[in-house]
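Please examine the structure before reading each solution.

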Amino acid sequence: MGKYFGTDGFRGEANVTLTVEHAFRVGRFVGHYYGKEHRPRVVIGKDTRRSSYMLEYALVSGLTASGADVYLLHVTPTPGVSYVVKREGFDCGIMITASHNPYYDNGIKIINGEGYKLEAEVEQQIEDYIDGKTEEVPYAMRENIGRTVDYSIGRHRYIGYLVSLATRSYEGMRVGLDLANGSATAVAKGVFDALGAKTYVINAEPDGLNINTGCGSTHIEGLRELVLREKLDVGFAYDGDADRCIAVDGKGNIVDGDRIMYLCGRYMKERGELEKDTVVTTVMSNLGLYRALDELGIRYEKTAVGDKYVHENMLENGYSIGGENSGHIIFLKHATTGDGVLTSLKVMEVILESKKSLAELTAGMKVYPQRLVNVRVTDKRKAQDDAAVQKKTEEIAALLGNEGRILVRESGTEPLLRIMVEAETDELCMKYTGAIVDTLQEQGFVL
């Protein structure tokens, strides 16, 4: 990870660690980088945070000042930007979002012309330019100055593409959607309505400050209550930029990313669509997923945390599905990145084609109790590498043996150390995560 760009772009508190000056300079460099041989075309989407508008205008100023033409999708999911970039021949795309973070954070994700996250070496060049380590790029002059174009049509084409992927009508299905007061408000209900579902929606009134606040994929209780109260068949919750999806079955059980990979992987294997009979996961996936996949004869890969690493593994090896427990699921045949609405459509396909409820489809996977604790620390790298912390982690791993596991890692987007324990009981999970937190406090790392 670089100074500014982590595993998911340049992220930080708006006008504190991610300022309008940063955004302007990102725009200046990107416009210059892609404009060395022609006038570049850059498409921009954003989520509903109040600061997204500020950062959008700063990026546009930098890009047009460097000679780029900028096309504005307005409020759009991150995967919508990836779709438009690749399908419509843009040089690159930019998404303004901090995903599932609080409203006061924001971020800049840059997507290359193939619809993938920008290469690390180019991110490093942007960082060097921001810090004044390289020469200033020239301003465009006269007729070479860029222009800005309203490109809402791009978002509409993305919606049309999603609708086209459904294999059956949703008529007769009662579906709940938690839109997290974020990017999904511009897309999800329209897709489900077009497919004939009776759609019940919550958290669909963004005000710039309520994105992810007690709602969406990180606060699933609201969707669960809706599904049970209205006796719905299924519910789907998205995060702020709608690149992840968590489901709730008709009985109110939470169906996380691991369960989604399980049911979709099994379905794809049965239909001969699971390339090399392999599912790509991260090290955060539940032990129960791996045991369930073993029973089905499905192989799996484990990558570092981040859908970026999942995607790299899938591309390198030709796999068709991969993702994270958090709900970032990549269906490589249909998208170049995690797509929450697409994921919900694939789950609906399994339900409708199998003629089974979501609860029935996930019954074959036993989930091990898991506890994840996020600890704000003075220096996440030093905290993770501390000898006492590593020793305690090794002791706990030995105690868990084959009936659980422990993972201590630094966050790629926040100043946090993440401690995950899986064990046979919730009590053991609490005991062992607490032991690591205590060690961090003893070593003076906890803020």
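The crossing of H14 and H15 is right-handed. The model is a predicted one, and the exercises below refer to it.

**Exercise 1.** Determine how the axes of helices H14 and H15 are arranged.

*Solution.* Two packed helices are described by the angle between their axes and the distance between the axes. Step one: helix H14 covers residues 387-400 and helix H15 covers residues 426-442; their axes come within 9 Å and cross at roughly 165°. Step two: angles over 145 degrees count as roughly antiparallel, so H14 is roughly antiparallel to H15.

**Exercise 2.** State which residues form the contact of H14 with H15, and classify them.

*Solution.* Step one: on the H14 side are Ala388, Val389, Lys392, Thr393, Ile396, Leu399 and Leu400, which meet Tyr432, Ala435, Ile436, Thr439 and Leu440 of H15. Step two: these residues comprise nine nonpolar, two polar and one charged.

**Exercise 3.** Decide whether lysine 346 is buried or exposed.

*Solution.* Step one: locate lysine 346 in helix H11, residues 340-354. Step two: its relative accessibility is 15%, and buried means under 20%. Lysine 346 therefore counts as buried. Step three: leaving aside residues up to four places away in sequence, lysine 346 touches Cys264, Phe331 and His334.

**Exercise 4.** Explain why helix H3 is described as largely enclosed by the rest of the structure.

*Solution.* Step one: H3 spans residues 78-87, and eight of its ten residues are buried, so the helix is largely enclosed. Step two: the buried residues are Thr78, Pro79, Gly80, Val81, Ser82, Tyr83, Val84 and Val85. Step three: their cover includes strands E3, E4, E5 and E6 and helix H5.

Technical notes. Residues are numbered from 1 along each chain as its sequence is written. This is a predicted model: local features need pLDDT of at least 70, side-chain atom pairs count only at pLDDT 80 or more; totals for chains, interfaces and linings use all residues. Side-chain values use heavy atoms; hydrogens and water are left out. Axes are lines fitted to C-alpha atoms, for helices over the stretch in contact, and angles run from 0 to 180 degrees between N-to-C directions. Helices (H or I, at least four residues) and strands (E, at least two) are DSSP runs, numbered from the N terminus. Angles under 35 degrees count as roughly parallel, over 145 as roughly antiparallel, 65 to 115 as roughly perpendicular and the rest as oblique. A crossing is left-handed if the near helix is turned anticlockwise from the far one by less than a right angle, and right-handed if clockwise. Contact means heavy atoms within 4.5 Å. Ala, Val, Leu, Ile, Met, Phe, Trp, Tyr, Cys and Pro count as nonpolar, Asp, Glu, Lys and Arg as charged, and the others, Gly among them, as polar. Buried means under 20% relative accessible area, exposed over 50%, partly exposed in between (1.4 Å probe, protein chains only).
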